[in-house]
Amino acid sequence: KTVESARRDAPRRQIMPYELVDIAGSRLVIDGGLEEQKQAAATLRAHYGDRVLADVSIGLKDVDVGARTERKTKEGGYRAIHFSIDQAGKRVEIQLRTRRQDVHGEYFHDVFMYPDFDNDPAFTRYADVMSEHYYRLDRGLKSKPPKPPEIAYRYPKGLLPDDPLGG
């Protein structure tokens, strides 16, 4: 995490910068769907064993990676599995995403930095619906991408994805 990212994240999470726990980490992007993500999560859990401090399934209602899995949802449809690992006494985060989860997460993270999008319910709803679209594709189902809200057309061309990993 960069210093600038930490400065931005702490107030948003209503914590002090020294309370951030995801300072160091990595992201693994899986080529495949939810089954491959589940297999990768099981492999990580087996590899790190007792050093897994916590695992969080964000937005993945039918993915269970362990008995201690905490389930969360996030506005904008963010989905991933996060592991907190004890690495030589330091807490390290590993994010595990499918390629579609990664595209969605990165894209909407960047777009929500635009002040007009941040509080717009139509755009937040679009992000949630687009996430559901990708989720269905990751489950091996057919899905048609949703139409962007009108607010999206007020911004530079190319701001909205043309369903780069569509179905």
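Analyst: The protein averages a pLDDT (the predictor's confidence in each residue, from 0 to 100) of 77, with 65% of the residues scoring at least 70. This is a predicted model in which local features need pLDDT of at least 70 and side-chain atom pairs count only at pLDDT 80 or more, while totals for chains, interfaces and linings use all residues. Residues are numbered from 1 along each chain as its sequence is written, and side-chain values use heavy atoms, leaving out hydrogens and water.

A search of the whole structure finds one cavity of 30 Å³ or more; here a cavity is a set of points on a 1 Å grid over the protein atoms alone where a 1.4 Å probe fits but cannot get out. The largest cavity holds about 30 Å³ of space, the volume being that filled by probe spheres set on grid points joined across faces, edges and corners.

Its lining, formed by residues with an atom within 4 Å of a point, consists of G77, R79, R100, Q101, H104, S131, Y134 and Y135. Two or more of the lining residues come from each of α3 (99-111) and α5 (121-138), helices being DSSP runs of H or I with at least four residues, numbered from the N terminus. By class, the lining has two nonpolar, four polar and two charged residues; Tyr counts as nonpolar, Arg as charged and Gly as polar.

Two of the lining residues, R79 and Y135, also meet through their side chains: the charged end of R79 sits over the ring of Y135, 4.1 Å from its centre. The criterion is CZ of Arg within 6 Å of the ring centre and within 35 degrees of the ring normal.

Technical notes. 1 Å grid on protein atoms, 1.4 Å probe; cavity = no way out; pocket = protein on both sides within 12 Å on 5 of 7 lines; lining within 4 Å.
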